Amino acid sequence: MDAEITIARLLHAPRDLVWDGLTSPEHIARWWGPKGWTTTVYRMDVHPGGVWHYCMRPDHDATEEVWGRAVYETIEKPSQLTYLETFSDPDANIVGDSRRTVTLELHDRGEHTDLVVRTRFDTVEEREAMEKLGMAAGFSMTLDRFDDWLTTSTAKGSAT
């Protein structure tokens with residue numbers, strides 16, 4: 001077994017809009033997380049070494065929180081983002097042994113974009129543990145939300 005999870009999705013928007021949706025704190029807060037969750041972005045500095053710090057909360061329970069922290073490694077606008085992601089606390093301190101390297105590749109298909117997300121764990125056991133937590137299913141729901149957001153008139157009017 002491999003220590004990587006790969007999810008691919010055809011998104012119904014041009015690559016520049018997909019890039020903006022992935023790299024703008026105002027945009028990503030509208031769709032990041034599985035259905036029924038709300039995300040608050042506390043920091044998002046999209047450059048190598050920059051930090052993205054966020055919190056996801058289920059809509060049905062305001063007391064539950066999942067904090068995340070990512071440190072950007074590679075930025076190749078508009079085709080690739082790589083970051084090291086971990087669970088964190090509210091102060092962006094790493095919690096537990098939850099490291100994973102996430103690479104997002106955006107392939108231009110005119111009015112559409114192929115998005116390939118590769119999440120690499122240090123070990124197969126870490127990947128299996130995240131799968132048991134529902135990571136693959138949750139990320140698939142997140143990409144559904146992203147595609148829905150991309151097809152709205154609000155998103156189409158916000159491409160830079």
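These are questions and answers on a predicted model of a protein.

Colleague: How many helices and strands does the protein have, and in what order do the elements run?
Modeller: From the N terminus, the order is β-α-α-β-β-β-β-β-β-α-α-α.

Colleague: What is the radius of gyration of the protein, and what does the globule rule give for 160 residues?
Modeller: The C-alpha trace spans about 40 × 35 × 30 Å along its principal axes. For 160 residues the globule rule gives 15 Å, and the protein comes close to that, so it is as compact as a globular protein of that length. The radius of gyration is 15 Å.

Colleague: What share of the 160 residues is buried?
Modeller: A residue counts as buried when its relative accessible area is under 20%. The protein exposes about 8000 Å², with carbon and sulfur atoms supplying 50% of that area. Buried residues make up 46%.

Colleague: How far apart are the centres of the positive and negative side chains?
Modeller: The protein has 17 positive and 28 negative side chains. The centres of these two sets lie apart by 2 Å.

Colleague: Is Y72 buried or exposed, and which residues is it in contact with beyond its neighbours in sequence?
Modeller: Y72 lies in strand β4, residues 66-76. Its relative accessibility is 2%, so Y72 counts as buried. Leaving aside neighbours within four places in sequence, the contacts of Y72 are M44, D45, V46, H47, P48, G49, G50, V51, W52, L81, T82 and Y83.

Colleague: How far apart in space are Y72 and T103?
Modeller: In sequence, Y72 and T103 are 31 residues apart. C-alpha to C-alpha, the distance is 10.0 Å.

Colleague: Which side chain does R57 join in a polar contact?
Modeller: R57 is found in strand β3, residues 51-58. Leaving aside neighbours within four places in sequence, R57 is in contact with residues including W37, Y42, E64, E65 and W67. The polar contact, at 3.0 Å, is with the side chain of E65.

Colleague: Is E105 buried or exposed, and which side chain does it join in a polar contact?
Modeller: E105 sits in strand β6, residues 100-109. With a relative accessible area of 17%, under the 20% cut-off, E105 is buried. Beyond four places in sequence, its contacts include S79, Q80, D114 and R118. The polar contact of 3.3 Å joins the side chain of E105 to that of H107.

Colleague: Which peptide bond is cis, and what is its omega?
Modeller: P78 lies in the loop between β4 and β5. The cis bond runs from K77 to P78, with omega near -5°.

Colleague: Where is A92, and what is its phi?
Modeller: A92 has its place in the loop between β5 and β6. A92 is buried, with a relative accessible area of 18%. Its phi is positive, in a residue other than glycine, with a value near 70°.

Terms used. Residues numbered from 1 in each chain as written. Predicted model: local features only at pLDDT ≥ 70, side-chain atom pairs only at ≥ 80, totals over all residues. Heavy atoms only, no water. Helix = DSSP H or I, 4+ residues; strand = E, 2+ residues; numbered from the N terminus. Rg over C-alpha atoms; globule rule 2.2 N^0.38 Å. Buried < 20%, exposed > 50% of the residue type's maximum accessible area, 1.4 Å probe, protein only. Areas by Shrake-Rupley, 256 points an atom, 1.4 Å probe, with all protein chains shown as cover. Lys, Arg positive; Asp, Glu negative; His and termini not counted. Charge placed at Lys NZ, Arg CZ, Asp CG, Glu CD. Polar contact = N/O pair within 3.5 Å; in protein donor to acceptor, adjacent residues only side chain to side chain. Contact = heavy atoms within 4.5 Å.
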